Structures are given as structure tokens and as C-alpha cells.
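Biologist: Thanks for sitting down with me over this model. Could you show it to me, and then we will go through it together?

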Amino acid sequence: MPKQTLELDVSRTPEMGADFRPARGLLAPTDLPEPTLDSENMLINIGPQHPATHGVLRLLLELDGETVVRCVPHIGYLHSSFEKLGEYRDWNQVVPLTDRMDYLAPLIYNCAYAMAVEKMMGIEVTERCRVVRVICMELDRIFSHLLWLGTWAIDVGAFTPFLYSFQEREKVYSLHEAYTGARITTSATRIGGMMADIPVGWDQGVRDFANGVVKTLDEIEFLLSTNGIHLGRTQGVGIISGEDALNYGFSGPNLRASGVPYDVRKDRPYYDYETYDFDIPIGEHGDCYDRYMVRIEEMRQSARLLHQALDRLPEGPINVQDPRVILPSKTDLMNDMESMIHHFKLVMEGVKAPAGESYMAVEGSKGELGMYVVSDGGSKPVRWRIRPPSFVNLSVIPKLVEGGMLADVIMVNASLDIVLGEIDR
Amino acid sequence: MSESISSGPVDPESPGTAVSGGASLPANLEAVHPSVPALRARFDDAILGHELVAGDEHIVYVDPARNFEILQWLKDDPDHRYTYLSDVTAVDYGGGRPLQVVYQLFSIPHRRHLRIKAELSLDALEIESVVPLWQSANWLEREVWDMFGVTFRNHPDPRRILMPEGYEEGHPLRKDFPLRGRFSRAEQTRRALSQDPEDYYVPSELAGGREPQLVPWQEFAGGRPPMSTTHDSTPTSHDPSARETGEG
């Protein structure tokens with residue numbers, strides 16, 4: 001027989017009892033049987049406004065003592081219907097929607113969207129643009145992981161790593177601002193290139209950041225990686241096997257912490273990632289600690305990638321010379337009738353994508369980020385779908401926390417590295 | 001030739017294998033992707049078409065009545081091993097055209113990507129759930145139900161996921177759904193205010209398929225339903241009628 005659940009809600013006023021019946025208390029009828037203590041499960045609600053849920057996530061937990069019996073996540077509190085909005089915008093106007101989904105790694109989302117549309121249209125971006133986008137994506141991978149690291153440390157009870165990592169993040173904010181003019185909502189890509197070429201000295205700024213962040217990581221690792229409290233809170237907590245992780249759709253660092261070496265950059269390479277020299281860190285236990293270690297190591301690898309990409313950054317134009325997608329230069333516009341027509345059509349009608357579709361997967365900071373775009377030949381998407389890595393990663397949380405302790409729920413949730421803007425979209 | 005068996009549903013004019021996108025045409029399209037001829041050989045009449053888009057992306061149209069066995073075979077067959085289900089979504093082209101349910105598969109051992117589509121006519125939006133094959137389909141199929149109204153048979157938890165459980169305006173990503181919703185802004189506000197937040201913090205939420213949380217609008221118009229006959233209730237901060245007058 002299933003255990004009877006008992007409603008525990010002290011904030012409820014007596015006249016607002018469930019089923020419109022007076023709640024137990026002063027007004028309760030005396031003939032209600034007292035529940036036996038060993039048959040009570042407690043209902044705990046975490047969120048949606050709770051700092052440890054990293055956004056507006058709501059977890060409903062049924063507890064037997066301190067053990068989690070059931071966990072039901074509720075999402076949708078931040079739903080903005082980006083996919084529907086995208087169907088009412090032309091192809092370039094969708095770009096600002098992408099960085100509002102994952103505001104922790106906006107450039108990755110900008111790039112992934114532009115790549116999907118370019119693939120559908122058969123556009124090859126310039127060599128310089130490819131390398132600049134690699135730099136942008138690796139920079140934002142570190143950017144996102146640093147926020148995860150800081151909040152993770154807060155959740156485990158350590159405050160100093162949060163300050164260290166946010167100090168480094170501030171440098172990326174400045175780099176974003178120097179390049180795109182915005183610190184979070186970058187909207188840096190356009191179909192066929194970027195909104196501008198990188199400013200003078202920006203590459204040196206990225207190089208300085210890549211050098212500095214590795215040192216900061218050493219300091220944070222010194223504080224956390226062998227810290228007894230940290231080990232006790234994370235090792236052996238939230239374990240998932242590699243086979244289960246695949247079946248449940250884990251991707252990114254979460255999947256690799258369970259020992260599955262699936263990384264989109266290696267398995268479905270794009271932008272010449274196969275020619276870069278970098279390693280994919282793999283965990284072996286699939287617990288919270290391994291997910292921590294995998295992300296720490298990934299930041300070091302991304303710093304390596306940044307150096308390599310900066311070394312090979314070629315000269316040349318950043319945008320394709322394709323009048324279908326990129327505005328002609330001002331000089332051409334003023335002197336050349338054909339350029340003026342292209343300019344007029346692009347401005348008035350927007351980019352027109354031929355009928356077709358494409359699914360472009362990139363390795364986002366949270367996992368496999370897929371952009372699925374469908375066109376019917378018009379200047380607006382028929383369908384624009386994001387394969388949300390955090391959404392699928394979060395769906396595993398009941399499996400990870402059920403049977404564990406209540407305190408571990410916080411650590412498991414922190415180890416998944418979710419961003420609710422992208423889960424709810 | 002196997003290509004001439006049927007036509008790709010999206011492009012009925014071109015026979016069998018349709019190509020779009022910027023890439024040049026390979027000599028034998030299906031030889032490029034080993035899973036496509038294998039699928040044709042195994043499930044002859046259930047494979048309704050094949051399409052190559054964006055240069056290297058293969059789409060196979062399958063019979064929606066047999067999606068489960070086809071996907072199961074793709075997952076388990078040692079030559080294919082599509083162990084990773086990246087995404088389940090749907091595409092509505094509008095204009096009464098059939099709605100497509102899209103599965104993005106990836107085979108990690110063979111490093112192959114394959115897209116499976118099943119077309120459902122708008123009056124029969126129902127398809128077998130693939131959650132028994134991939135647990136990752138759980139929330140993804142819930143989202144397709146929420147956004148497109150496709151019913152997944154044998155889904156373990158067939159609730160809405162992004163929209164609230166009592167959402168009555170339909171399925172937002174359908175083309176016939178207006179951008180701002182079906183109800184007026186005033187009606188949307190009234191409905192939001194008529195929800196009882198206390199309904200969200202009860203054990204029945206754990207039980208899965210629970211009662212809709214909306215207090216029916218007609219009842220709400222006449223005040224709250226009687227809560228208890230034993231005592232008079234003074235308006236509290238929880239009382240939606242008190243709140244509505246305060247904000248209205």
C-alpha cells in the first residue's frame with residue numbers, strides 16, 4: 001500500500017485548507033485520526049524563487065525523513081516563446097532572440113544560429129569569420145563555465161571562488177563590450193558573417209584573458225579540488241552510468257563525466273575543429289565531483305584553443321561577398337546601380353533563404369546545442385527550433401536525486417549547469 | 001530502382017529522392033548514407049520517402065503507424081546503433097498541410113546523423129511514444145504535445161511542460177495560433193488572477209495527472225465557491241477576488 005502523504009504547510013491559514021475543509025489545527029474536528037509518525041512523507045517545495053535553483057526552477061520533493069522519495073520538476077516560469085517569436089521575424093532579426101536564451105554564453109548561441117542558416121542556404125563564411133567565431137565560442141565556453149564554477153562553490157558553501165571567478169568573468173564582459181557594444185546581449189553574428197570585424201587590440205585582450213584565467217583556475221582548484229568539505233558534498237553524489245546518461249539524453253560535460261567521450265567538436269566537427277589540438281576530458285564515476293573536474297579541465301582546453309585560434313587568425317574580409325545576405329559597402333552603394341538594388345532589396349525584404357532545412361549541432365557550454373531551421377523560401381523562418389541542452393539535462397534530475405538526501409539535491413542541481421532562460425525559452 | 005518507389009512528401013513533384021540546399025548532387029544519393037538503403041530493405045512499405053538537404057543531411061519519411069519499430073531497429077541494430085536521440089520536435093507548415101514529427105538521431109559509434117520524419121494529418125495527431133527506447137524523449141515529447149498538440153501514445157507523463165497545466169488557449173506553436181494568444185489580454189489577466197496559488201503546493205501535484213487548476217471562469221465571476229460551511233471566511237491575501245478588486 002502506498003504511503004500516505006501528509007500535507008505540511010504552516011503558512012496556510014485555517015480557513016484556506018485543502019479541499020475547502022478546515023485544516024488541522026485549532027479549528028480541526030476532533031474526530032480526525034492522528035497520523036502515525038512512520039507513515040508520513042513530507043512535501044518540500046524548492047523554488048521557483050530560490051537562489052540555489054539557479055533561476056526560476058521549481059522542484060517538488062517528497063521526503064521520507066531526509067531521503068528524497070520523489071522529485072517532480074516544474075518549469076516554464078520564464079517561457080517567452082522565442083520559437084514562435086522567431087517565426088514573425090526575418091532571418092537576421094532572430095539573432096537577438098538567441099542570446100537572450102542562454103545569457104551565460106550568448107556568443108555560442110549567436111554563432112550556432114548563424115551557422116544553421118548559412119548551412120541551409122549553402123553559404124561558406126570567410127576563413128577569418130570561421131576563426132573569429134571559434135574564438136567567440138571558446139571565449140564564451142569559459143565565460144559560462146566560470147559562472148557555473150562560482151555558483152557551484154557558493155552552493156557547496158565556499159564564497160571565495162565565487163569572487164575569483166566573477167573577477168575573471170568581468171574581463172569577458174569587457175571583451176564582449178569592446179567587440180559588440182553589449183555586455184550580455186551580444187547579437188554578434190549576421191547571416192554570412194559578423195556584425196563587424198574585431199576591433200584593434202581585441203585579440204591581444206583575449207590572449208591576456210586566456211593567460212590569466214588559467215592562473216585563476218589554479219587558485220580556485222587549490223581551494224576546492226582537494227577540500228574535504230567539497231569532496232564530501234560531491235563525491236559519490238548524483239551518480240549516473242554512461243549508458244544511462246546516453247539514454248537520458250545527457251550531453252556536454254555532464255555526459256563526459258560519466259565516461260562517454262561524445263563531444264560535438266570531435267564527433268561532428270565544424271569550423272575545422274579537427275585541426276585544433278585539444279583534449280576532451282572524461283570522468284569515470286559520473287558523480288558531481290567528476291562533472292566539476294570535467295568542466296575545470298574544459299576551461300583549460302578552451303584556453304588552449306583560444307591561443308591556437310588567435311595564432312591562426314587570418315587577414316581578409318570577415319563577411320562573405322554575397323549580395324543575397326550581406327549589405328554592399330557604402331562606396332559600392334553610391335557608385336554602382338547593381339549594389340544599390342541589392343542594398344534596397346536586402347533592407348526592404350530581408351535575407352531570403354531558399355526552401356530547405358538544416359539541423360546544425362554545435363558543442364555549447366551546456367552540451368549539444370542544436371539549431372533546426374526550416375524555410376519555405378521566404379524571408380522568415382517557418383520553424384526555428386533550438387535543441388536545448390539544459391532542458392534535456394534537467395529532465396534527468398529526478399533520476400539523480402531520488403533515493404539521495406535532501407542536501408544533495410542542491411549539489412546535483414548545481415552540477416547540471418542549467419540556465420532557465422534556455423530551458424523555458 | 002528503389003528511389004522511384006514513392007515521393008518525398010514535402011516535394012511531391014520530384015520522384016523519390018528530393019534534393020535541396022546548395023550542394024552539388026552526388027551520383028547515388030542513398031549510397032552516401034548507409035542507413036537509408038538498409039531502412040528500405042528492412043521496412044519496405046513503411047519508408048515513404050528520402051530527402052537530402054543542406055548538403056549532407058538525410059531525412060527519411062516513415063509511416064507514423066510504424067515509427068516505434070523503425071526507431072527501435074535503428075537504435076538496436078549493430079550496423080546502425082543510433083543510441084543518442086538528440087531531439088524530438090515538430091514542424092507545422094500551416095495551410096492545413098500535415099504536421100511533421102521530427103526525430104534527430106545520432107549514432108555515436110558510427111558518427112552518423114539521421115533525421116526521421118513522420119507526417120501526421122491535422123485531424124489525427126497521434127503517434128507512439130519512444131520513451132521506452134530513449135528516456136530523453138520524455139520531456140521532448142511533452143513539449144511537442146504542449147506546443148503542437150500531438151498526442152504520444154503510452155507516454156508515461158503526458159502533461160504540458162512549458163505552459164501551465166490549465167492553459168486553455170491551445171497549442172502555441174501551431175500556425176493557426178495567433179502570436180498574442182487566442183484570448184484578449186484582459187481575459188488572459190483575469191484567468192491568471194483566477195488561479196489559486198494554493199493549488200500548486202499540494203501533494204496531488206506529485207501524483208502526475210491531476211485536476212486542472214483553473215477555477216472555472218463562470219464560477220469565479222460569482223465569487224469563490226464556498227470553502228466551508230462551518231465558519232465564515234474573511235478575505236485574506238490568498239483570496240483571488242479580493243486581489244482582483246485591488247488590482248483591477
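Modeller: Let us begin with a definition: two strands pair if DSSP finds at least two bridges between them. Helices (H or I, at least four residues) and strands (E, at least two) are DSSP runs, numbered from the N terminus. This is a predicted model, in which local features need pLDDT of at least 70 and side-chain atom pairs count only at pLDDT 80 or more, while totals for chains, interfaces and linings use all residues. Residues are numbered from 1 along each chain as its sequence is written, and chains are lettered from A and ligands numbered from 1 in the order in which they are written.

Biologist: Good, that helps. In what order do the strands of the open sheet with β6, β7 and β8 of chain A stand?

Modeller: Three strands of chain A make up this open sheet, and their pairing is antiparallel. β6 (356-363) and β8 (383-387) of chain A each have a single partner strand, so one side of each is left without a neighbour in the sheet. The order is therefore one with β6 and β8 of chain A at the edges, namely β6-β7-β8.

Biologist: Which residue of β8(A) is the bridge partner of A:Val374?

Modeller: Strand β7 (residues 368-375) of chain A pairs with β8(A) in the antiparallel sense, over five bridges. Within β8(A), the bridge partner of A:Val374 is A:Arg383.

Biologist: At about what angle does helix α3 of chain A run to β6(A)?

Modeller: Helix α3 (residues 106-121) of chain A lies across β6 and β7 of chain A. Axes are lines fitted to C-alpha atoms, for helices over the stretch in contact, and angles run from 0 to 180 degrees between N-to-C directions. To β6(A), the helix runs at about 145 degrees.

Biologist: And how far apart are the axes of α3(A) and α4(A)?

Modeller: Two packed helices are described by the angle between their axes and the distance between the axes. Among the residues that make the contact are A:Leu107 and A:Cys111 of α3(A), and A:Met137 and A:Leu139 of α4(A); contact asks for C-beta atoms, placed from the backbone, within 7 Å. The two helices pack at an angle of about 145 degrees, and their axes are apart by 7 Å.

Biologist: How many nonpolar residues does the contact of α3(A) with α4(A) have?

Modeller: Ala, Val, Leu, Ile, Met, Phe, Trp, Tyr, Cys and Pro count as nonpolar, Asp, Glu, Lys and Arg as charged, and the others, Gly among them, as polar. The contact has no polar and three charged residues, and its nonpolar residues number seven.

Biologist: With which residues is A:Val117 in contact, leaving aside its neighbours within four places in sequence?

Modeller: A:Val117 is one of the residues with the most contacts inside the core. Beyond those sequence neighbours, its contacts are A:Trp91, A:Ile191, A:Ala353 and A:Val373.

Biologist: Which residue in the turn between β2(A) and β3(A) has a positive phi?

Modeller: Strand β2 (residues 58-64) of chain A pairs with β3(A) over seven bridges, and A:Asp64 stands opposite A:Thr67. The two strands form a hairpin with two residues between them. The residue with a positive phi, of about 70 degrees, is A:Gly65.

Biologist: Finally, what percentage of the residues of chain B count as buried?

Modeller: Chain A has 17 helices and eight strands, and 49% of its 425 residues count as buried. Chain B has seven helices and eight strands. Of its 248 residues, the buried part is 34%.

How values were computed: Core = buried A, V, L, I, M, F, W, Y, C linked by C-beta atoms within 7 Å. Buried ≥ 20, exposed ≤ 12 C-beta atoms within 10 Å, placed from the backbone. Contact = placed C-beta atoms within 7 Å.
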